[in-house]
Amino acid sequence: MRIGNIVVQLNFRELRSILRQITLLLPALVFLSACSAVPSAPPPAANAANPVAEYTLGTGDQIRLTVFNEPTLSGEFEIDASGTISIPLIGNVQASGKTPRELEQAITTKLASGYMRDPRVNVEVLKYRPFYIIGEVGKPGEYPYRNGMNLMSAVAVAGGFTYRANDQTVFIRRAGQSQEYSYPATTTTMVYPGDIVRVGERLF
């Protein structure tokens with residue numbers, strides 16, 4: 001009987017230990033399940049080799065407009081909250097959602113409609129809208145974008161990873177997208193103007 005009692009006690013202790021381990025692991029399993037819902041980055045777009053050349057303008061971008069031989073029409077403009085710029089002579093022009101080349105064409109078309117003969121227009125991006133980085137970095141917040149910025153340089157600007165950070169995978173919601181995707185935390189992951197970068201917390 002004593003032997004039987006000892007066996008029962010040992011089994012009960014083992015069972016209690018197993019239940020305790022399951023309880024401790026449960027939050028991690030829930031977290032992993034939630035993370036698995038975040039899709040990996042989609043296949044690169046056709047213009048990924050030279051994304052700045054096909055950059056889509058947005059609110060906060062600052063451009064330099066040059067209308068050749070027309071200094072009164074040329075100058076520096078910032079795209080306002082409505083997505084437009086106000087140009088002398090022709091008024092407001094929609095800029096948000098257009099590439100610099102598309103904006104050139106739109107301005108050229110307006111100038112050619114009764115204002116100028118054969119206008120020549122050039123649009124250059126002077127200052128890109130900021131990007132945002134949140135989560136497990138030293139100084140989360142809004143930061144000026146620099147051409148050619150990658151994930152690791154963006155993290156460095158924000159004060160580096162915290163000791164709790166998952167420094168293997170980050171989550172980015174690209175400007176104009178409604179969903180974030182997971183990306184490797186390497187120098188090959190590029191950051192673009194308007195991106196929201198989220199650095200998660202590691203499990204262990």
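Helix H2 comprises residues 100-112, where helices (H or I, at least four residues) and strands (E, at least two) are DSSP runs numbered from the N terminus. At 1.5 Å a residue, its 13 residues should span 18 Å, and the end C-alpha atoms lie 18 Å apart, which agrees; the expected span is 1.5 Å times one less than the number of residues. The model is predicted: local features need pLDDT of at least 70, side-chain atom pairs count only at pLDDT 80 or more, and totals for chains, interfaces and linings use all residues. Residues are numbered from 1 along each chain as its sequence is written, and side-chain values use heavy atoms, with hydrogens and water left out.

Within H2, Pro-100, Leu-103, Glu-104, Ile-107, Thr-108 and Leu-111 are buried (under 20% relative accessible area, 1.4 Å probe, protein chains only). Seen down the helix axis, the buried residues of H2 fall within an arc of 135°, so they line one face of the helix; the arc is that of the directions from the axis to the C-beta atoms. These buried residues pack against S1, strand S3 (84-87), strand S4 (91-94) and S5, contact meaning heavy atoms within 4.5 Å. Just after H2, Gly-114 takes a positive phi of about 95°.

An open sheet of 3 antiparallel strands has the order S2-S1-S5, pairing requiring at least two DSSP bridges between two strands. Strand S2 (75-78) and strand S5 (121-127) form the edges, each pairing on one side only. Strand S1 (residues 62-67) is joined to S5 by 6 bridges, and Leu-65 stands opposite Val-123 in S5.

Terms used
Axes are lines fitted to C-alpha atoms, for helices over the stretch in contact, and angles run from 0 to 180 degrees between N-to-C directions. Buried means under 20% relative accessible area, exposed over 50%, partly exposed in between (1.4 Å probe, protein chains only).
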